[in-house]
Amino acid sequence: MSDVPFGFSPQDPDDRGRKPEEPGNPFDFTQLGAMLSQLGAMFSNAGTSAGPVNYDLAKQIALQQLAGQGGLGFTPDQDKAVADAVHLAEMWLDPATALPAGTSKSEGWTARDWVERTLPTWQRLCDPVAQRMSGAWVEAMPAEAKEAAGPLLSMLGQMGGMAFGSQLGGALAQLGSEVLTSSEVGLPLGPEGTAALLPANIEKFTEGLERPAGEVLVFLAAREAAHQRLFSHVPWLRQRLLDTVEAYAQGIKVDTSALEQLAGQVDPSNPASIEEAMKSGMLEPQTTPEQKAALARLETLLALVEGWVDVVVAEAVGDRLPGAEALRETLRRRRASGGPAEQTFATLVGLELRPRRHRAAAALWKLLGDQYGIEQRDGVWEHPDLVPTAEDLDDPMEFAERFGRTRKALEDPMAELERTLREEKDED
């Protein structure tokens with residue numbers, strides 16, 4: 001799985017250690033008009049999107065690739081099948097969780113629908129990272145270099161936006177052709193309150209599973225509906241996930257020594273050399289302690305979301321779906337093997353969702369439910385300070401015991417105070 005950050009490509013192994021070529025001639029300012037004309041023609045075909053990522057280009061590329069794969073077709077009767085599956089799943093979920101239904105409507109999406117409906121959220125996720133990526137190396141340039149670069153900095157920014165948009169477009173096309181629900185990535189990508197499934201992708205996923213198509217559809221509908229309950233009724237969760245990505249972006253640092261190599265490889269009169277420089281990986285940022293901390297928080301929070309959904313859905317479907325446990329394990333393996341969702345997210349922020357965290361989170365939620373009931377278990381989501389940490393996932397039993405003591409203290413503070421005083425007296 002790639003760990004190259006968003007907007008950059010791995011360096012060609014054959015180029016390592018090779019000295020940058022000397023530019024043939026000093027930059028001739030008489031060529032500036034011709035270069036601007038070339039860039040203008042290039043930009044006119046890439047839409048009018050402004051900012052660190054050219055989303056017009058990303059959407060255009062994604063839809064073109066999906067059209068080439070025949071991924072835009074959809075039959076109307078599948079929409080009703082999705083609605084029926086979500087309705088049944090909601091009834092099964094009611095006794096399995098204290099969180100009420102969060103779905104206001106259910107929809108069957110094509111791959112094209114998925115790209116168009118999730119792009120606004122991808123923009124919120126990508127902008128902080130891409131903005132910091134494209135701006136970090138400019139900030140590191142000496143003042144003299146910035147002044148000498150002049151209008152080229154703006155051009156480089158647009159070229160970077162196109163490079164980012166091109167990469168994102170390809171990733172969205174891959175995701176759109178394979179994701180099963182709007183929440184499979186573990187993030188609230190779609191509109192709030194909309195439970196969306198992709199029947200065409202589910203049909204391909206079902207092939208070879210030796211399970212009835214209707215059973216698979218209901219199981220996936222239960223997972224989608226459980227995600228919607230969590231994202232709809234835990235108001236801080238959606239923003240916390242996005243804030244953590246932004247915190248990661250703020251920690252991006254670029255090795256300024258790479259700027260010298262950049263200067264040797266970029267020919268200002270050749271727009272193609274600018275694009276190649278942006279994609280070469282020479283400006284690949286270094287991982288900082290701040291980034292590692294943000295990624296750890298994000299990994300833990302996503303593991304908690306997926307673990308909770310895993311446990312709640314397993315309790316909801318119970319013996320109603322004979323193949324539920326096999327489907328549960330299939331989806332776990334799909335996540336463990338690095339499916340398209342994880343590959344895209346790893347490219348975006350360098351994050352890989354380790355199966356160990358997912359399974360550990362599921363074990364913790366199961367333990368809390370068994371010991372304290374679903375009301376107490378789901379009450380953990382009431383405030384971000386109550387949710388388990390990465391250390392708690394390493395020792396679920398200790399967290400469960402601490403959770404029990406905390407709940408007792410809240411229910412009977414005087415009794416807890418007396419217990420604390422007795423313990424202090426015994427220690428003395």
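Q: Which residues do ring pairs link into a cluster?
A: Trp236, Trp365 and Trp381. Rings of Phe, Tyr and Trp (its six-membered ring) pair if their centres lie within 6.5 Å; planes under 30 degrees apart are stacked, over 60 edge-to-face, and the rest tilted. This is a predicted model, where local features need pLDDT of at least 70 and side-chain atom pairs count only at pLDDT 80 or more, while totals for chains, interfaces and linings use all residues. Residues are numbered from 1 along each chain as its sequence is written, and side-chain values use heavy atoms, leaving out hydrogens and water.

Q: How many aromatic pairs does that rule give?
A: The count is five. One of them, Trp365 with Trp381, is stacked, at 5.2 Å centre to centre with 20 degrees between the planes.

Q: What does that pair tie together?
A: Trp365 is in helix H15 (residues 355-379) and Trp381 is in the loop between H15 and helix H16 (390-394), so the pair ties together parts 16 residues apart in sequence. Helices (H or I, at least four residues) and strands (E, at least two) are DSSP runs numbered from the N terminus.

Q: Are those two buried or exposed?
A: Trp365 and Trp381 are both buried. Buried means under 20% relative accessible area, exposed over 50%, and partly exposed in between (1.4 Å probe, protein chains only).

Q: OK, Arg377. Where is that?
A: Arg377 is in helix H15 too.

Q: Why does Arg377 count as buried?
A: Because its relative accessibility is 0%.

Q: What is Arg377 in contact with?
A: Beyond neighbours within four places in sequence, its contacts (heavy atoms within 4.5 Å) include Trp308, Glu315 and Trp365. The Arg377 side chain also makes a polar contact with the side chain of Asp378, at 2.8 Å. A polar contact is a pair of N or O atoms within 3.5 Å; within protein, one must be able to donate a hydrogen and the other to accept it, and residues adjacent in sequence count only if both atoms are side-chain atoms.

Q: Switching to strands. How do S1 and S2 pair?
A: Strand S1 (residues 105-108) pairs with S2 in the parallel sense over four bridges. Two strands pair if DSSP finds at least two bridges between them.

Q: Which residues cover the two faces of S2?
A: Thr194 and Ala196 are on one side, Ala195 and Leu197 on the other, and all are buried.

Q: And how many helices and strands does the protein have?
A: There are 18 helices and two strands.
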